[in-house]
Amino acid sequence: MKTVTVSPSDDLIKLLKTAKEKVGTKELAKMSGFKTKSLYHWWSGRRTIPFKLLKASCDILNKNIWNEINGHYLLVQGGIKGHTILFHSELTPEISNLLGWIVTDGHLSGKNEITITQKYESVLKILGNKIRDIFEYKGALTVQKHKSQLGVGNKIWINSSALQFILSQFYGIPIGNKTRIVEVPKQILESDNSEIKKSFLCA
């Protein structure tokens with residue numbers, strides 16, 4: 001099974017140790033699903049930290065996991081080597097616009113692929129560059145011709161387990177076939193920034 005991990009930092013290691021001090025090592029291991037001996041590896045800061053261990057620690061301390069890992073890199077163990085993704089908990093107009101494209105013309109597959117279909121190849125290349133810039137994605141971006149019931153267009157493929165994890169778990173974009181009803185991520189609905197909402201609608 002693939003494990004989502006987060007790049008270590010002094011703040012995250014302190015969070016783990018604070019949770020351990022509050023409930024004890026055995027209880028933390030039980031809540032996170034790891035063996036007690038395994039926890040010491042992550043307190044050292046020499047390994048990426050499992051997301052579910054951080055989530056259990058945040059639950060103990062009544063903290064929001066997404067706020068705690070803002071600015072950290074996510075990696076899926078068992079995914080494609082080197083495909084780390086920089087996570088942002090704060091929404092920007094650029095991220096909002098990209099989400100708009102994914103929600104309306106995109107798809108998250110069960111094979112860890114993110115695809116966006118569009119008539120113009122140039123638009124997809126711009127979106128690909130946004131993904132590289134925003135998430136510091138260094139993997140392959142493939143743009144190819146695509147045939148559908150609506151005719152011939154173009155499609156971009158992004159193969160990233162970590163990015164799909166963020167899109168599905170943080171933004172709530174479903175994996176698999178979407179319904180005809182477009183669900184706007186709650187981060188956009190709850191934003192009081194008009195530029196963020198405008199950027200999403202412009203996609």
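User: Are F170 and Y171 buried or exposed?

Analyst: Start with the terms. Buried means under 20% relative accessible area, exposed means over 50%, and partly exposed lies in between, with a 1.4 Å probe and protein chains only. Here F170 is buried, and so is Y171. A word on the source: this is a predicted model, where local features need pLDDT of at least 70 and side-chain atom pairs count only at pLDDT 80 or more, while totals for chains, interfaces and linings use all residues. Residues are numbered from 1 along each chain as its sequence is written, and side-chain values use heavy atoms, with hydrogens and water left out.

User: How many helices and strands does the protein chain have?

Analyst: Helices (H or I, at least four residues) and strands (E, at least two) are DSSP runs, numbered from the N terminus. The protein chain has 10 helices and 8 strands. Its C-alpha atoms fill a box of roughly 60 × 35 × 30 Å, taken along the principal axes. Of its 203 residues, 45% count as buried.

User: How many aromatic pairs does the structure hold?

Analyst: Rings of Phe, Tyr and Trp (its six-membered ring) pair if their centres lie within 6.5 Å. Planes under 30 degrees apart count as stacked, over 60 as edge-to-face, and the rest as tilted. The structure holds 9 such pairs. One of them joins W66 and F165: the centres are 6.2 Å apart, the planes are at 40°, and the pair is tilted. This pair links distant parts of the chain, with W66 in helix α5 (residues 65-68) and F165 in helix α8 (residues 161-170), 99 residues apart. W66 counts as buried at 14% relative accessibility. F165 counts as buried too, at 16%.

User: Why is the pair of F170 and Y171 edge-to-face?

Analyst: The ring centres of F170 and Y171 lie 4.7 Å apart and their planes stand at 70°, so the pair is edge-to-face. Both residues also belong to one aromatic cluster, formed by F51, W66, F87, F165, F170 and Y171.

User: Which charged end sits over the ring of W43?

Analyst: A charge sits over a ring if NZ of Lys or CZ of Arg is within 6 Å of the ring centre and within 35 degrees of the ring normal. For W43, the charged end is that of K20, 4.7 Å from the ring centre. Elsewhere, K52 lies over the face of F34, at 4.8 Å from the ring centre.

User: Now pockets. Which residues line the second largest pocket?

Analyst: First the idea. Rolling a probe the size of a water molecule over the atoms shows where empty space is left. On a 1 Å grid over the protein atoms alone, a pocket is an open set of points where a 1.4 Å probe fits, with protein on both sides within 12 Å along at least five of seven lines; lining residues have an atom within 4 Å of a point. The second largest pocket is lined by W66, L91, F170, K186, Q187, E190, S191, N193 and I196. About 170 Å³ of space lies in this pocket, a volume being the space filled by probe spheres set on the points.

User: Which residues is V76 in contact with?

Analyst: Contact means heavy atoms within 4.5 Å. Leaving aside neighbours within four places in sequence, V76 touches K2, T3, V4, S161 and A162. V76 lies in strand β3 (residues 73-77) and counts as buried at 8% relative accessibility. The C-alpha atoms of V76 and V4 are separated by 4.4 Å, though the two are 72 residues apart along the chain.

User: And S199: where is its place?

Analyst: S199 is in helix α10 (residues 194-201). S199 is buried, with a relative accessible area of 14%. Beyond neighbours within four places in sequence, S199 is in contact with P93, S96 and N97.

User: What is phi of N62 near?

Analyst: Most residues other than glycine have a negative phi, and most peptide bonds are trans. Phi of N62 is near 55°, a positive value in a residue other than glycine. N62 sits in the loop between α4 (51-61) and α5, and is exposed, with a relative accessible area of 69%. E136 also has a positive phi, near 55°. E136 is found in the loop between α7 (121-135) and β7 (141-148), and is partly exposed at 28% relative accessible area.
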